[in-house]
Amino acid sequence: MSGDLRDGRIVIVGASLAGLRAAETLREKGFAGSLTLVGEDPRPPYDRPPLSKQVLLGRVPAEDTGLPLRRPVDAQWKLGVRATGLDPIEKRVLLANGEQLPFDRLLITTGTRARPWPNPAEAALDGVFTLRTSEDAGRIAERLDAGPRRVLVIGAGFTGSEIASACRERGLDVTVAERGPAPLVGALGGSFGALAAKLQRAHGVDLRCGVTVTALTGNGRLTGAELSDGSRIEADIAVVALGAIRNTEWLAESGLAAGPRGLACDAGCRAFNMYGIVTDDVFVAGDVARFPHPLFEYQLLSLEHWGNAVEQAEVAAHNMVSPGPLRRPHLAVPAFWSSQFGLNIKSVGVPTFSDQVVLAQGSPKEARLVAVYGYRGRVTAAVSVNQAKSLEYYQRLIETAAPFPPEPVGTDRPEPMTPVPSDVPDPAVLSHGPTVALTGHLPDRRLTLVRR
Amino acid sequence: MAADTLFHRITDYANRADPYPLYAELRESGVTRQQDGSYLVGAYHEIAALLHDPRISSDRRNRTAADAAATCEEDLPVSFIAMDDPEHNRLRRLAMRPFGPPHTPGRIDAMHGEIARIADELIAGLRGKDRIDVVDDFAYPLPVTVICRLLGVPREDEPRFHAWTQEIIASFDPTPGEDLAERQRSGLESRRTMGRYLGELAEKRRGHPSDDMLSAFVNDEGPDGRLTQPEIMATSVLLLIAGHETTVNLITNGVLTLLRHPEELERLRRRPELMPRAVEELLRYEPPVQMLPQRSPLADIEVLGTTVPKGAPLILVLASGNRDPLRFRDPDRFDPTREDNRHLGFGSGVHSCFGAPLARLEVQLALTTLIRHLDNPRLVEDPPPYRRSPVLRGPRHLPIERDTTGT
Ligand SMILES: Cc1cc2nc3c(=O)[nH]c(=O)nc-3n(C[C@H](O)[C@H](O)[C@H](O)COP(=O)(O)OP(=O)(O)OC[C@H]3O[C@@H](n4cnc5c(N)ncnc54)[C@H](O)[C@@H]3O)c2cc1C
Ligand code: HEM
């Protein structure tokens, strides 16, 4: 490409939150060349957080979740088309319809998809769903409207717990099956999980932990499920919430450091190739990215967070049209929220990057608290329940690597403050994947050394 | 001039019409101890951080120097605006139950028609007058009528609670001076009288529920129980005062600002759908609550390199933060279409304004209705005469003239 970064051809693969925000930012920064967005989903970009909340409650129709445009984006949209490959030498994206898109710079924002139920025959039963797209949410909401006798939710991560919450709010019976010891442990650790378990049961959820679903049964139509403890339950609907799979398969032959944990990049969102060498024309952002973070020992982080997708997309877009010295690092402290069972949960930092946790404010009995996480004596995360107002204070402690346990502050706290183990599990024992994963220091490919 | 006289100059009535140059000086000078021992903060990011900092208290009993405004007696506790969590949270939730989500999500929306009607009636009362006092004729009666309906207070009692309200507001005016102790004593006395008055009104509704908040306080019970009788008194005094003494200033500041920017007034007259954003800009540009005078740190804290000692009065100057060039582009420009506008007009953090959705609706409707009916409006006096308080700042009167041909 000519030295002028404001011109040329940019292709974005993945036309959802990160892809859209990047496209807007490129135009805002004065990029005047051609811009093409490729998206497998035929719908224009929409927002996913409402899918497991307002949409399942029937308050917002699934079609009404479109993402508002921040500014007009002059671009070519290729929706309903899958990218199937990338030729890094010729600099072309290959599409399922046979088309090839040449680019000067490429942004990859292909995100994740729902992990399907492993038995395809059972997964095909009428009444078995996963939840990732607006179409999924629309179909589930329709079934919930019909008043099923019981809903089975498989996996008690954030998505599974939000689904269970929506069912209870609609007055539906719901069973949640989770392989781990409690809900939300994957993201928030065991102490928090115990609280979540109590809460779900108080809201009438039939919560079964430490079990797996061994079979979904039915004859064309789902009728029930068998559990590893020998019990069985009857249900008309099962929502499989086993976490996410990163959409990287299409990059298998591209020579990039792409694998099941995402596509690795540097702090400036530039993708690594399989040798760990950084590329200068392929960028990545959003749920599909794995990026190094200085606050977490430069380990590569994989996040499934709305806020991260937006901020990383903005940084990637900026760097795509800025010369080297003006590029910015993506250093934002990870943050996400969830609403379930009448609670507003917010998290900053990386709770799984911890060995201890302490109740710093509020009281679990009133379901209003801030828990602060520490790793080897410094603050690494904080999670609030119905008490988000002071989270900024704790974010500052994370950013400055303040000592853990934090100094007791304020008038609304337990006495004394006693740290306990945070009990972060090995992700292998969970039904659902964690929504934040520390994925080590290495790009994802195992290299086979060929000696000639 | 010396930085430690800033508070004195800001509160000086002579500077009421335009305190903004002093705020610029405040932001320049960082955080300095004032002659009276208080600390002023005027920078946006620092104010925002302090409002989310659990080490900052709103409870004046945590101040080192005793303070009559903090007096709290069994028969009349302080209201939740002057308390810390967890008590503050419990009382705020109980008060919110009949007012907003999650328990009463539709209350404010349902008042839309009624507020518009009240505004129209006030306008109708001005027919034929070519000279109007925006404050007495419109900006004051509107929110008073609204809050009376909402709480269930007879509108005709306004002269009584108006007098008490003025005493109470004067007692929270932090202007240093000899009369402070005296003001605080009479403020307390008025709070007690007003609390008794509202408590009796609520008591009359026990067992006779009607669709107002006082009735809900005595008759409804949620999972957190209900307010005690002294808590009802303290809370309804707070709601009645907070519910109109601020809104009147925003409406008046709005009219004044628009008359000073006639091209913007014209644009809003043509495109009333721009009003919501214009109201946010007014909350930034001329906020009715200029400063929060009742914070103090629970431990020694550092702000912009200065240690503010535990228990010292810490005054957060919201109106200065709203003009901070480190946060807002072109901060001294009134731009009703401003996009990035997270102003501090309603505060922030756990005490952020309880009534904000109602206030927004009232002021949007008030200004839209008023400018639709003003033909060629002109300021008679600029600046207009201001009310005393440097905290709840706004014109005492705003005389304007208009053409009356045809009305
Ligand atoms: C039900 C649900 C609830 C959520 N709730 C919250 C919440 O409360 N808080 C929070 O912080 N986060 C939440 N999230 C996560 C948040 O939505 C994601 O972090 C965000 O969507 C990530 O955006 P993205 O653009 O990186 O990826 P995605 O939104 O996954 O978008 C990727 C896009 O790429 C397309 N694509 C994939 N492969 C290809 C290909 N080969 N060719 C072309 N196109 C392709 C996909 O069709 C998709 O449109 C939730 C997610 C879900 C599913
Ligand atoms: C334009 C109008 C208004 C403005 C500018 C305004 C501004 C503010 C500000 C700045 C605070 C924060 C105080 C602090 O942090 O110490 C506050 C709190 C409060 N406001 Fe408003 N307000 C307005 C209207 C209203 C209305 C209409 C009501 C009532 C219906 C109301 C009720 C309250 C209450 C109860 C609090 C205390 C909240 C708490 O301590 O948790 N306000 N307001």
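Me: Where in chain B does B:Cys353 lie?

Reply: Helices (H or I, at least four residues) and strands (E, at least two) are DSSP runs, numbered from the N terminus. B:Cys353 lies in the loop between α16 (318-321) and α17 (356-373) of chain B. This is a predicted model, in which local features need pLDDT of at least 70 and side-chain atom pairs count only at pLDDT 80 or more, while totals for chains, interfaces and linings use all residues. Residues are numbered from 1 along each chain as its sequence is written, chains are lettered from A and ligands numbered from 1 in the order in which they are written, and side-chain values use heavy atoms, with hydrogens and water left out.

Me: Which protein donor does the iron atom of ligand 2 have?

Reply: Donors are N, O and S atoms within 2.8 Å of the metal (3.2 Å for Na, K and Ca); water is not among the atoms, so sites may look incomplete. Here the SG atom of B:Cys353, at 2.3 Å, is the only protein donor of the iron.

Me: Which residues are closest to ligand 2?

Reply: A residue is near a molecule or strand if one of its heavy atoms lies within 4 Å of it. Ligand 2 is surrounded by 28 residues, and the closest are B:His88, B:Arg92, B:Arg295, B:His351 and B:Cys353. For polar contacts, look for a pair of N or O atoms within 3.5 Å; within protein, one must be able to donate a hydrogen and the other to accept it, and residues adjacent in sequence count only if both atoms are side-chain atoms. Oxygen atoms of ligand 2 are 2.7 Å from an N or O atom in the side chain of B:Arg92, 2.8 Å from a polar side-chain atom of B:Arg295 and 2.6 Å from an N or O atom in the side chain of B:His351. Two or more residues of this shell come from each of α4 (87-96), α12 (229-245), α13 (247-260), β4 (292-297) and α17 of chain B. The largest share, four residues, is from α12(B).

Me: How do the residues of the shell around ligand 2 divide?

Reply: Ala, Val, Leu, Ile, Met, Phe, Trp, Tyr, Cys and Pro count as nonpolar, Asp, Glu, Lys and Arg as charged, and the others, Gly among them, as polar. The shell around ligand 2 has 18 nonpolar, eight polar and two charged residues. The shell around ligand 1 has twelve nonpolar, eleven polar and eight charged residues.

Me: Which residues come nearest to ligand 1?

Reply: Of the 31 residues around ligand 1, the nearest are A:Ser16, A:Arg48, A:Lys53, A:Arg132 and A:Asp287. α1 (17-28), β2 (34-39), α7 (306-320) and β24 (335-340) of chain A each supply at least two residues of this shell. A:Lys53 places a polar side-chain atom 2.7 Å from an oxygen atom of ligand 1. Backbone atoms take part too: a polar one of A:Ala83 is 2.8 Å from a nitrogen atom of the ligand, and a polar one of A:Trp337 is 3.0 Å from an oxygen atom of the ligand. Accessible areas come from the Shrake-Rupley method with a 1.4 Å probe; for residues, only the protein chains shown count as cover. Ligand 1 taken alone exposes 1,000 Å², of which the protein buries 94%.

Me: Is A:Thr112 buried or exposed?

Reply: Buried means under 20% relative accessible area, exposed over 50%, partly exposed in between (1.4 Å probe, protein chains only). A:Thr112 has 7% relative accessibility, so this residue counts as buried. A:Thr112 is found in strand β8 (residues 112-114) of chain A, and its side chain makes a polar contact of 3.2 Å with that of A:Arg132. Contact in general means heavy atoms within 4.5 Å. Not counting residues up to four places away in sequence, A:Thr112 touches A:Arg132, A:Ala244, A:Ile245, A:Arg246, A:Asn247 and A:Asp287.

Me: What is the relative accessible area of A:Ala382?

Reply: The value is 0%, so A:Ala382 is buried. A:Ala382 is in strand β28 (residues 378-385) of chain A. Beyond four places in sequence, its contacts include A:Val348, A:Val370, A:Tyr373 and A:Leu391.

Me: Why is helix α8 of chain B described as largely enclosed?

Reply: Ten of the eleven residues of α8 (residues 141-151) are buried, so the rest of the structure largely encloses this helix. Among the buried residues are B:Pro141, B:Val144, B:Ile147 and B:Leu151. Just after α8(B), B:Gly152 takes a positive phi of about 95 degrees.

Me: What does B:Asp133 contact?

Reply: Leaving aside neighbours within four places in sequence, B:Asp133 is in contact with B:Phe138, B:His397, B:Leu398 and B:Pro399. B:Asp133 is in strand β3 (residues 131-133) of chain B and is buried, with a relative accessible area of 13%.
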